[in-house]
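Welcome, and thanks for taking a look at this one. Please open the structure below and keep it in view as you read.

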Amino acid sequence: MPKPPLLMLIEQPDLFGLAHIGDHYDLRAQPEPGIVAAVSSGNGVDAAMMEAAPDLKMIALSVVGYDKVDVAAARQRGIAITNTPDVLTDDVADLAIGLMIAVARRLPQHDRFVRQGRWPQEGPPALARRASGRRIGVLGLGRIGQAIARRAAPFAAEIGYYSRAQREEGEAYSYHDSPRALAEWADVLIVAVSGGPDTAGLVSRAVIEALGPEGTLINIARGSVVDEPAMIAALTDGRLGSAGLDVFAHEPNVPEALIQLENVVLVPHQGSATRETRAAMGQLVLDNLAAFFSGKSLLTPI
Ligand code: NAP
């Protein structure tokens, strides 16, 4: 049987657990008539692409956040979309906690200090900050936000959260009814909301200033959620203490001003990037495609 054509928009399939996808599908790099299914990750699928592939009926995303897909255009054309929730939750939460500790204890800065041979010459570096015993505010108590709160619980002084309404899962944590109120209360603000137009700039200049000179901002959600220029300005002049960032407004480009700052830890969007999780995400993409092509219910439709 001929392999069905598949629009493959992931450039390095091996990094997404999809090294062998070509065994099952005839991979095409460009949209064209006759293609009924597409696979994508962070680069998304826009309306022009759907126009160029008029027979498209299914988009299997290898991400949980679908902010880069024109969902309204897809719905209008009757195109189903699947994503990869849950299987990546633990990894992203681990990274959030890792970033929080790395920022407080200055792990990358200290690593550079040793490598640069500065220890024998300068003696020990300046003191870091405690990672434990702080007030941790989780912005968005979804799947990943809840996993972050669970991990933070044993060593946080207290955990607070903001969601659009109080959540049952947040019973053990204090609720704050706006991002600003949460930032005012928290020592560490961990951003875990979805991306997209509705949350663009949710972490505004006012929220950043409420977090303050002793505060730490951790973002593992999407770069769009934080007002990046305001964050850089505040980190530069001390109105915000420090930041740990996995995501940026214009990835893979990171502003030079941010790269030059010593009070930040920067990671190139690695939230789900472990061999184990990418294998699980790849399998879920393949399972969704198989369900689609055999007319069964999709496993994880959005
Ligand atoms: P989820 O379970 O759907 O949770 C989404 C959260 O976003 C919920 O807390 C929800 O708030 C909040 N939210 C959605 N729209 C909002 C709005 N308009 N205003 C305020 N809050 C809003 O998703 P998840 O699995 O936890 O994933 C969360 C996000 O993490 C993803 O969308 C993605 O952008 C990001 N992510 C990043 C990486 C990475 O590699 N760094 C990997 C995976 C995911 P309510 O509680 O009010 O409903």
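The notes that follow cover the domains, their interface and some strand pairing.

This is a predicted model. The protein chain splits into domain 1 (5-85 + 274-293) and domain 2 (89-266).

**The domain interface**

- Six residues from domain 1 and five residues from domain 2 take part in the contact.
- Together, domain 1 and domain 2 bury about 490 Å², and 45% of that area lies on carbon and sulfur atoms.
- On the domain 1 side, 67% of the area buried against domain 2 comes from Val64, Asp67 and Pro85, more than from any other three residues.

**Polar and charged links**

- There is one salt bridge between domain 1 and domain 2.
- A salt bridge joins the side chains of Arg222 and Asp67, with an N to O distance of 3.0 Å.
- The side of domain 1 that touches domain 2 has two nonpolar residues, three polar ones and one charged.

**Strand pairing around β1**

- Strand β1 (residues 5-8) runs parallel to strand β2 (residues 26-28), and three bridges connect the pair.
- Within that pairing, Pro5 sits opposite Asp26 of β2.
- β1 also pairs in the parallel sense with strand β3 (residues 37-40), over three bridges.
- Here Met8 has Val39 as its bridge partner in β3.

Notes: Residues are numbered from 1 along each chain as its sequence is written. This is a predicted model: local features need pLDDT of at least 70, side-chain atom pairs count only at pLDDT 80 or more; totals for chains, interfaces and linings use all residues. Side-chain values use heavy atoms; hydrogens and water are left out. Domain bounds come from an automatic or database domain assignment. Contact means heavy atoms within 4.5 Å. Buried area is the accessible area (1.4 Å probe) that two parts lose on being put together, summed over both. A salt bridge is a side-chain nitrogen of Lys or Arg within 4 Å of a carboxyl oxygen of Asp or Glu. Ala, Val, Leu, Ile, Met, Phe, Trp, Tyr, Cys and Pro count as nonpolar, Asp, Glu, Lys and Arg as charged, and the others, Gly among them, as polar. Two strands pair if DSSP finds at least two bridges between them. Helices (H or I, at least four residues) and strands (E, at least two) are DSSP runs, numbered from the N terminus.
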